[in-house]
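Hi everyone, thanks for coming. I'd like to walk you through one model today, so please have it open on your screens.

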Amino acid sequence: MRNSIRIGAVAAASALVLAACGSAPEEETSAEASDDSTMEAAESIDFKACMVSDAGGFDDASFNESAYNGIERAGAELGVEVAEAESTAESDYGPNLEAQVAAGCDLIITVGFLLGDATAEAAAANPDVNFAIVDFGYEEPIENVKPMFFETDEAAFLAGYASAGASQTGTLGTFGGINIPTVSIFMDGFLAGANKYNEDMGGDVSVLGWDGTDGSFTGDFDDQTKGQNTAQGFLDQGADVVMPVAGPVGLGAASAVQSAGDAWLVGVDSDWTESAPEYADIVLTSVLKNISNAVFDTIEQAAGEGFTNEPYVGTLENEGVGIADFPEGVVPEDVVSALDGLREGIIAGEIEPSTAG
Amino acid sequence: MSDADASRDKDEPKPDAVDTKAPEPEGAGGATDPSDTEEQSRSQSVLRQILESSTLVVVMAVVAALLIAGILICFADEDVRTAAGYFFSQPADMFSAIGDALGGAYSAIFQGAVVNLQAESFAGFIKPFTQTLTMATPLIFAGLGLGIGFRAGLFNIGAQGQLLIGAALGAFIGFTFHLPFPIHLLLAVIGCALGGAIWGFIPGFLKARTGAHEVIVTIMLNYIALYLVAYLLTREAFQREGSSNPISPIVDESAQYPLLLGSQFNLHWGFILALGCAWFAWWLMERSTLGFELRAVGANPHAARTAGMNVSKAYILVMVIAGAFAGLAGSAQVLGTEKVLTTATAGSIGFDAITVALLGRSRPLGTVFAAILFGGLRAAGPTLQVQAGLPVDIVLVIQALIVLFIAAPPLVRSMFRLPAPAHEKEVAA
């Protein structure tokens, strides 16, 4: 026993030593590197974009992460300098914003309604720094804050309509993480879409988990087991399409749907055939919410033509929201062709994609 | 009663009073005789060992935690990893990369938590330290309450829930009623303490009457508090007009702690109240009859009962006091820094406060210093991320390492070759 530990230690040590035997970069390379950096500097813009997460952190597999991907892409493609600060608690919001202002950020993007007050406060204290906030709008516009929000019900409406068409059992299910407007807007659009299908196609499709004002929520955005249980509950009640609006909790739902075998899943935020490829075969479609693109565009605009505080509203029209492609032959042809008309109707404002209207 | 006393203490001078108890000898926490140890339950003896670890061990634990964090910082640093790849051809590169990484990290911690050497004005220079004190305020409150519980033998994990309920009640008073300044603030502060006290009473009562273990009950009550607040925030009474986001209106200015050093700094009067509470906690535990009883119950509940003390009453009282302190920690959030109630109001304060209380050896002065240390680590988070580009998780790792070392005094002693205290030697022999 003791010998094997010794041998293991020797092996580990020699591995470390060998790993450290790589050749040093030549002096030249450092000269080259500086050349590179001057070349990059020619490309890169003198602009610093920063981001503060909410308490969920950048690895939340939800909107913080989407926003983070957006700013990372801006750093890689636009040549702007980027910096991020992750908040671990509410009391971090103000200090994180202050630190980024002090670090000379030109544009600071905050993620989520929880940062609404802190962002407004920082914006008032630093009128020469620009801010943008994801998923939140102010009642009174602030001169140096650009709100960014998404009419996700427009896309969820289409997904609900298509799901109703694809359903064999005539029952759909949806649940959320926490009952907040940015979550329930998905569920409401989904329900409205299913109702529209009943109206147009004379179907009798019901939606479990959302009745227009309240519904099923797992209570957090972490616990996949709860997602699995909730989805299983819907499946047991005959649902064959489930839309979880709960970030990573939705993966639990996906595993329940996959083991059921004859049911479908509607992904949210990103295209789940790409973000969760292990479940690609059960994804009917995904309700896309392109936070990442919106963040990228906002940075591009601020670094290029200049910052405006005009709200960014992601819609079907500007492709800030949308739905992903269906797998072959699951959604009936007449439903697919009806979707184009609906899309135009929503863009034109003729169709209200929520149950309230 | 703690509320009334606490607010009365607000303006009294405290530092001298607190200082007098600083050089407390080992194991002098009342009726703690080593020979009793075997008779006590295991958890209590572990707890007591932690409490009795000497100040030096605590300091060395912090040093060791910072050193180990340094190793992690090196691993996390990209330049160091690159340079390590060709260590044998150019060892100097790696050492300079390590130097840069560590220098950057430690200077970011220093500049984020103590003073900013690059600041142009005096205000900017001392701002980090005021921020540290601001961050420390809720930890002082909650740590004091937990410390009293620990010394009475109650391992209260429920500060998180007590804080949230206190914050909810205080914030509700703060944004619903519109009263003139001192009265409104006073009512809101009392509301915070009351909310916490109620949430602390439940496990105390259950322990006293049914013997339900306080660890389990308080953990469960944390969940109940969180979901209760989440539910309240879906009700109109707790939401802003015209919005259905789960975030409360901003607390009236008349119910907010006034700023202590003017509008440039976030430091508020809650900090002074926290120091007052520290004095009160010291007085309660060291000078009052009640405190003596609580310590006796903590040292040996059977002996205390035999001596004619009401152990049930002591358990309930301790939990109520601890809850009130935790509720006041909530006031530092909703009436001080955040000014709104959300489900994230408590952050991880309730759990950090456990570490703070253990680090401070459950003594008020120690708790204040430990809270300032943790407040400093928290305050350094933004500079660490923005200036040094390090993940904020490093701060959590340092905190966790401190806990680890505090929980294992012999480890720290052997690392730094410190002599073991007398009673431990006896046990070893």
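Let's begin inside chain A, where seven residues of domain 1 are in contact with eight residues of domain 2. By contact I mean that the C-beta atoms of two residues, placed from the backbone, lie within 7 Å. On the domain 1 side, the residues that touch domain 2 are two nonpolar, three polar and two charged. For those classes, Ala, Val, Leu, Ile, Met, Phe, Trp, Tyr, Cys and Pro count as nonpolar, Asp, Glu, Lys and Arg as charged, and the others, Gly among them, as polar.

Where are the bounds of the two domains of chain A? Domain 1 covers 45-150, and domain 2 covers 152-289 + 327-348; such bounds come from an automatic or database domain assignment. Taken over C-alpha atoms, the centres of these two domains of chain A are separated by 30 Å.

A word on what you are looking at. This is a predicted model, in which local features need pLDDT of at least 70 and side-chain atom pairs count only at pLDDT 80 or more, while totals for chains, interfaces and linings use all residues. Residues are numbered from 1 along each chain as its sequence is written, and chains are lettered from A and ligands numbered from 1 in the order in which they are written.

Now to chain B. Chain B has 19 helices and zero strands; helices (H or I, at least four residues) and strands (E, at least two) are DSSP runs, numbered from the N terminus. Of the 429 residues in chain B, 51% are buried. Buried means 20 or more other C-beta atoms within 10 Å of a residue's own, exposed means 12 or fewer, and partly exposed is in between, with C-beta atoms placed from the backbone.

How do the two chains meet? 35 residues of chain B are in contact with 28 residues of chain A. The elements of chain B that give two or more residues to this side are α5 (78-85), α7 (122-151), α14 (311-337) and α16 (364-386). The most come from α16(B), with six residues. By class, this side of chain B has 15 nonpolar, 18 polar and two charged residues.

Next, a helix pair within chain B. The axes of α8 (residues 159-176) and α10 (residues 214-232) of chain B come within 7 Å and cross at roughly 25°. That makes α8(B) roughly parallel to α10(B), a term for angles under 35 degrees, with over 145 being roughly antiparallel, 65 to 115 roughly perpendicular and the rest oblique. Here the axes are lines fitted to C-alpha atoms, for helices over the stretch in contact, and angles run from 0 to 180 degrees between N-to-C directions. Residues at this meeting include B:L164 and B:I165 in α8(B), and B:L221 and B:V229 in α10(B). The contact of these helices has nine nonpolar, three polar and no charged residues.

Most residues other than glycine have a negative phi. A:E319 has a positive phi near 60°, and B:R361 has one near 55°. Which of them is buried, and which is exposed? A:E319, in the loop between β11 (312-314) and β12 (321-323) of chain A, is exposed, with 12 other C-beta atoms within 10 Å. B:R361, in the loop between α15 (349-359) and α16 of chain B, is buried, with 24.
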